[in-house]
Amino acid sequence: MTSSLEKFRNGLEKLEIAYSEKMIEQFLIFYEMLIEKNKVMNLTTITELDEVVEKHFLDSLSLIKSVNLKENLKILDLGTGAGFPGIPLKIAFPHLEIVLLDSLNKRILFLQEVIDKLQLLKISAVHGRAEELARNIEFREKFDLCVSRAVANLSSLSEYCIPFVRQGGRFIAYKSGEVEEEVQRAKKAIVILGGNMEKVKKFTLDGTEFSRSLIEIRKESKTPKEYPRKAGIPSKTPI
């Protein structure tokens, strides 16, 4: 455990994220809760602390390479799953206002346990489908930033995420592997949804061989009211 925590501290320093021992302790409690709950429901295939530090914690926090996380931002983490990247972002940057959204209620109940245990404020876990919630006036075009590590092609993911973002805000998708072709295929959908492809930031997390791309999309105009389409359609027939 000592070497894993040392790796974590080094990773935080390389990302230029200030940390306290209380913060490290919160990450450890989150890790323990994750592993315990993983025994009874499928939350993650990555369970060794060393790998969780690298592929979940530091990866989630790598958003700092694209976003000034010291600002007061309202963030939606869409398809949050086991709480990534939303929970690590909240622990490291307590001032952020974060909504965790997932379509599986069991995951949301787990995330609420984490929020309560860590006494996190200005964060909520919401059960629902993006296609439906994005039509709710409380959520539509209300976020400065929407982030997602969900596994979906960028065209579909854009249809799920961009409707939540205010004009002038951003949608950032975490992707791994080669993304050029996927980005090209998604450009039409991004424009139709009111977005504009800004850039793709590629990097390898310091001290690891883990390569990552952050695809940055700026919301320039309102999303047409017919989007997102009904449940299932964005995945089956991308724009």
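A crossing of two helices is termed right-handed if the near helix is turned clockwise from the far one by less than a right angle. In the predicted model described here, the crossing of helix 2 and helix 3 is right-handed, and the axes of these two helices come within 12 Å and cross at roughly 120 degrees. On the side of helix 2, the contact is made by Phe27, Leu28, Phe30 and Tyr31, and on the side of helix 3 by Leu49, Val52, Phe57 and Leu61. Sorted by class, the residues of this contact comprise eight nonpolar, no polar and no charged residues.

Helix 3, which spans residues 49-61, is also paired with helix 1, which spans residues 2-14, and here the two axes come within 9 Å and cross at roughly 15 degrees. Because angles under 35 degrees count as roughly parallel, helix 1 and helix 3 are described as roughly parallel to each other. Helix 1, too, passes helix 3 in a right-handed crossing. Helix 1 contributes Ser4, Lys7, Phe8, Gly11 and Leu12 to the contact, while helix 3 contributes Leu49, Asp50, Val53, Glu54, Phe57, Leu58 and Leu61. The residues of the contact of helix 1 with helix 3 divide into seven nonpolar, two polar and three charged.

Phe57 is listed in the contact of helix 3 with helix 2 and in that with helix 1. When neighbours within four places in sequence are left aside, Phe57 is in contact with Phe8, Phe27, Phe30, Tyr31, Val52, Phe84 and Pro88. Phe57 is also named, together with Phe30, Leu61, Leu63 and Ile87, among the residues with the most contacts inside the largest nonpolar core, a set of 54 residues. The largest share of this core, eight residues, is supplied by helix 2, which spans residues 21-38. Apart from this core lies another, of 31 residues, which includes Phe139, Ala173, Ile215 and Tyr227.

Once residues up to four places away in sequence are excluded, Ser156 touches Pro234, Ser235 and Pro238.

How values were computed
Residues numbered from 1 in each chain as written. Predicted model: local features only at pLDDT ≥ 70, side-chain atom pairs only at ≥ 80, totals over all residues. Heavy atoms only, no water. Contact = heavy atoms within 4.5 Å. Core = buried A, V, L, I, M, F, W, Y, C linked by side-chain atoms within 4.5 Å. Buried < 20%, exposed > 50% of the residue type's maximum accessible area, 1.4 Å probe, protein only. Helix = DSSP H or I, 4+ residues; strand = E, 2+ residues; numbered from the N terminus. Axes fitted to C-alpha atoms, helices over the stretch in contact; angles between N-to-C directions. Parallel < 35°, antiparallel > 145°, perpendicular 65-115°, else oblique. Nonpolar A, V, L, I, M, F, W, Y, C, P; charged D, E, K, R; others polar.
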